[in-house]
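Work through these exercises with the sequence and the 3D view open. Try each task before you read its solution.

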Amino acid sequence: GLIPVTSLPEMFDIAALLAYQPLPEGPRLAIVANSTAVSNLGADAAEGEGLQVVSSVDLGAAAAPEEFSRAVAEAVQDDGVDAVLAVFVPPVQRNVEAYAEAIREAARESTKPVASTFLAVEGLPEGLTVRDERGQPLRGSIPSYGYPERAISAPPRRPPARSGARRWRGCAPWPGGPGSRCRSPRPSTRSATRAATPWRWRCAS
């Protein structure tokens with residue numbers, strides 16, 4: 001299938017997620033963060049994208065790596081969550097590798113996409129990267145985006161066609177729930193939050 005994009009950066013953002021993470025099965029998002037302000041930016045962006053923030057965990061600036069690991073693990077194991085955003089913004093100098101490894105290990109067996117805003121790094125931070133014996137990144141690596149709005153918009157608006165796939169991205173207002181079927185794209189009213197979104201889908205139960 002085809003995934004329409006509106007810019008080259010958006011294409012690379014989506015490609016990074018598709019290369020290393022599974023497709024989301026629905027619109028329900030969990031945010032795990034140690035910064036209230038950055039977490040709120042992610043929640044606002046999610047609402048503008050038509051996502052449902054069903055869980056927002058603010059661990060606080062003093063959170064230890066173990067707390068991050070536990071919160072991310074709980075999010076990926078939650079049947080009411082379809083995707084997870086992990087946000088790490090250290091207020092002071094810390095051993096950031098320990099936090100990256102904690103997030104990576106918590107998401108290792110996840111069947112849901114996990115994206116991050118980690119130190120505002122772009123790409124694959126070393127601690128969030130799963131490598132093979134030759135040192136090449138593998139699926140399960142967690143891409144990082146410079147700010148949460150980019151991470152939120154990374155999942156494709158329309159997943160490629162595949163048998164049994166639930167096409168949910170951009171479906172509004174979800175009259176039939178996550179299992180509804182999308183059909184016939186039509187132009188949407190562009191908003192200030194997501195002015196680049198070219199289409200919205202009609203959903204039928």
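## Exercise 1: The chain as a whole

Of the contacts in the chain between residues at least 6 apart in sequence, 68% join residues at least 24 apart. Keep in mind that this is a predicted model.

**Task.** State how many helices and strands the chain has, and in what pattern they follow each other.

**Solution.** 
- Step 1. Count the elements. The chain has five helices and six strands.
- Step 2. Read along the sequence. The pattern is α-β-α-β-α-β-α-β-α-β-β.
- Step 3. Of the 205 residues in the chain, 46% are buried.

## Exercise 2: Helix H4 and its cover

**Task.** List the buried residues of H4, then name elements that cover them.

**Solution.** 
- Step 1. Go along the helix. Its buried residues are Tyr99, Ala100, Ala102, Ile103, Arg104 and Ala106.
- Step 2. Look at what lies over them. The cover includes H3, S3 and S4.
- Step 3. Check Arg104. Its relative accessible area is 15%, so Arg104 is buried.
- Step 4. Find a partner. Arg104 forms a salt bridge with Glu105 (3.2 Å, N to O). At 38% relative accessibility, Glu105 counts as partly exposed.

## Exercise 3: Phe88

**Task.** Decide whether Phe88 is buried or exposed, and list what Phe88 touches.

**Solution.** 
- Step 1. Phe88 sits in strand S3.
- Step 2. Use the cut-off. Buried means under 20% relative accessible area. The value for Phe88 is 0%, so Phe88 is buried.
- Step 3. List the contacts. Not counting residues up to four places away in sequence, Phe88 touches Asn34, Phe68, Val96, Tyr99, Thr117, Phe118 and Leu119.
- Step 4. Pick one of these, Phe68. Phe88 and Phe68 are 20 residues apart along the chain, and their C-alpha atoms are separated by 9.0 Å.

## Exercise 4: Salt bridges

**Task.** Explain why the pair of Asp82 and Arg28 ties together parts that are apart in sequence.

**Solution.** 
- Step 1. Side chains of opposite charge can pair when their charged atoms come close.
- Step 2. Take the total. The count comes to seven salt bridges.
- Step 3. Find the pair. The side chains of Asp82 and Arg28 meet in a salt bridge (2.7 Å, N to O).
- Step 4. Asp82 is in the loop between H3 and S3, and Arg28 is in strand S1, so the pair ties together parts that are 54 residues apart in sequence.
- Step 5. Compare burial. Asp82 counts as buried at 5% relative accessibility, whereas Arg28 counts as partly exposed at 22%.

## Exercise 5: Asp132

**Task.** Describe where Asp132 lies and which partners its side chain has.

**Solution.** 
- Step 1. Judge burial. At 18% relative accessibility, Asp132 counts as buried.
- Step 2. Look for a backbone partner. The backbone nitrogen of Gln136 lies 2.8 Å from a polar atom of the Asp132 side chain.
- Step 3. Look for a charged partner. Arg134 forms a salt bridge with Asp132, with the closest N and O atoms 3.8 Å apart. Arg134 is exposed, with a relative accessible area of 68%.
- Step 4. Note a network. Salt bridges that share partners join Asp13, Glu122 and Arg150.

Technical notes
Residues numbered from 1 in each chain as written. Predicted model: local features only at pLDDT ≥ 70, side-chain atom pairs only at ≥ 80, totals over all residues. Heavy atoms only, no water. Helix = DSSP H or I, 4+ residues; strand = E, 2+ residues; numbered from the N terminus. Buried < 20%, exposed > 50% of the residue type's maximum accessible area, 1.4 Å probe, protein only. Polar contact = N/O pair within 3.5 Å; in protein donor to acceptor, adjacent residues only side chain to side chain. Contact = heavy atoms within 4.5 Å. Salt bridge = Lys/Arg side-chain N within 4 Å of Asp/Glu carboxyl O.
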